[in-house]
Amino acid sequence: MRAESGARLLVVFGAVALAVLTVVAVRVPARAVELRGRLPDDGGWSPGAISARVGEPLTLRMTSDDVVHGFAIGQSARPAVDLLPGKWMTTTVVFDKPGKYTYYCTRWCGPNHWRMRGTIEVTGSGARVLADSVPLFLRLKLDLDQAHPSDLLPAETPTAARAGGLPTPVALDGGDLRTQSPAQVWRALRKHPGNARLTDQQLWDEVAAVWRAATSRERLAEGRQLYRDNCAACHGETGRGDGVMAKALVAGPAADPSGIEHSGMPGMSGHGTVAPTDFTNKRNMLGASAAFLQGKLIRGGMGTGMPYWGPIFTESQLWALVDHLWTFQFDYESGAGSSGASRTTHDSASKPAMRPH
């Protein structure tokens, strides 16, 4: 009898304990991590590495210890969170895939702003987040530190809307416009007998029309916004390398010991902090391919002060940004009697060998 009573008590106790555990489990708050932002020279993010589990909420309680910073997670559609000095902000994120995510500062807090990066290592089941397919510059084995000046320069800004010569389309090596520099395409057009009647400037206008056909208004708008948010502080609104942060980036001999190799594109290569690249420089830009420019964006300037954007932007965003960089060389909009958009439609149909990216 006593044994039977004991068993009943044990069952009751177990049921109560299970109920308590259930309540406790329900009431356990999401994991909270305190994250502080400081100027990069004072340590940047603290902590700089966070761990999380797939499907489990990660709550971040964040503040700034000095100036205004912004918090965002790379390749994520989540809006950035501004962090004001002494004010606490809380946000909760749930990751649905394992992988390494990068969080970064979205506010230009100083010359070394780009160094404010941290990582969230997410573990758990599911397909691991991987970077987009191997970047084109790696597949092409491009040397991003190699000079690429163009020996062909237009007399004036190539203007897509002015193009009217209807050059004979040419087949490009590999059929991918992203692998070709504007100078290479100009040469290909010039060599074709069907384009003999066109002047050199007319051919440059045709090159501009080809580049315009490879993008869209939506992509240009996206690239323009990305540039303004992330690049203009150093490179300037007009791409001349004269942004508000440019003066803080001092070119030194370590950036280019020879003083020759990267003289026209200093912020894109070398070692050390150097002046931002001038995207209006014809000689350097017209000798570069889109794959080269995207590679620079992904890899960064290897210690020049040029950030690496690979873990921050999606591949689509990177290409949109590259599209915008070409607008510092080509005029897509002006021109009497026609628009870049109308020209785009025609060119897209007439140049199948030039595959848009």
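Axes here are lines fitted to C-alpha atoms, for helices over the stretch in contact, and angles run from 0 to 180 degrees between N-to-C directions. The structure is a predicted model, in which local features need pLDDT of at least 70 and side-chain atom pairs count only at pLDDT 80 or more, while totals for chains, interfaces and linings use all residues. Residues are numbered from 1 along each chain as its sequence is written, and side-chain values use heavy atoms, with hydrogens and water left out.

**Exercise 1.** Describe how helix α5 and helix α9 are arranged, and list the residues in their contact.

*Solution.* Helices are DSSP runs of H or I with at least four residues, and strands are runs of E with at least two, numbered from the N terminus. The axes of α5 (residues 217-230) and α9 (residues 315-326) come within 7 Å and cross at roughly 90 degrees. Angles under 35 degrees count as roughly parallel, over 145 as roughly antiparallel, 65 to 115 as roughly perpendicular and the rest as oblique; α5 and α9 are therefore roughly perpendicular to each other. With contact taken as heavy atoms within 4.5 Å, α5 contributes R219, L220, E222, G223, R224, L226 and Y227, and α9 contributes Q317, W319, A320, L321, D323, H324 and L325. By class, this contact of α5 with α9 has seven nonpolar, three polar and four charged residues, where Ala, Val, Leu, Ile, Met, Phe, Trp, Tyr, Cys and Pro count as nonpolar, Asp, Glu, Lys and Arg as charged, and the others, Gly among them, as polar.

**Exercise 2.** Is strand β4 largely enclosed or open, and which strand does β4 pair with?

*Solution.* Buried means under 20% relative accessible area, exposed over 50%, and partly exposed in between (1.4 Å probe, protein chains only). Six of the seven residues of β4 (residues 58-64) are buried, so this strand is largely enclosed by the rest of the structure. Its partner is β7 (residues 89-93), to which β4 is joined by five bridges in the antiparallel sense, and L60 has T91 of β7 as its bridge partner.

Conventions:
Pairing = 2+ DSSP bridges.
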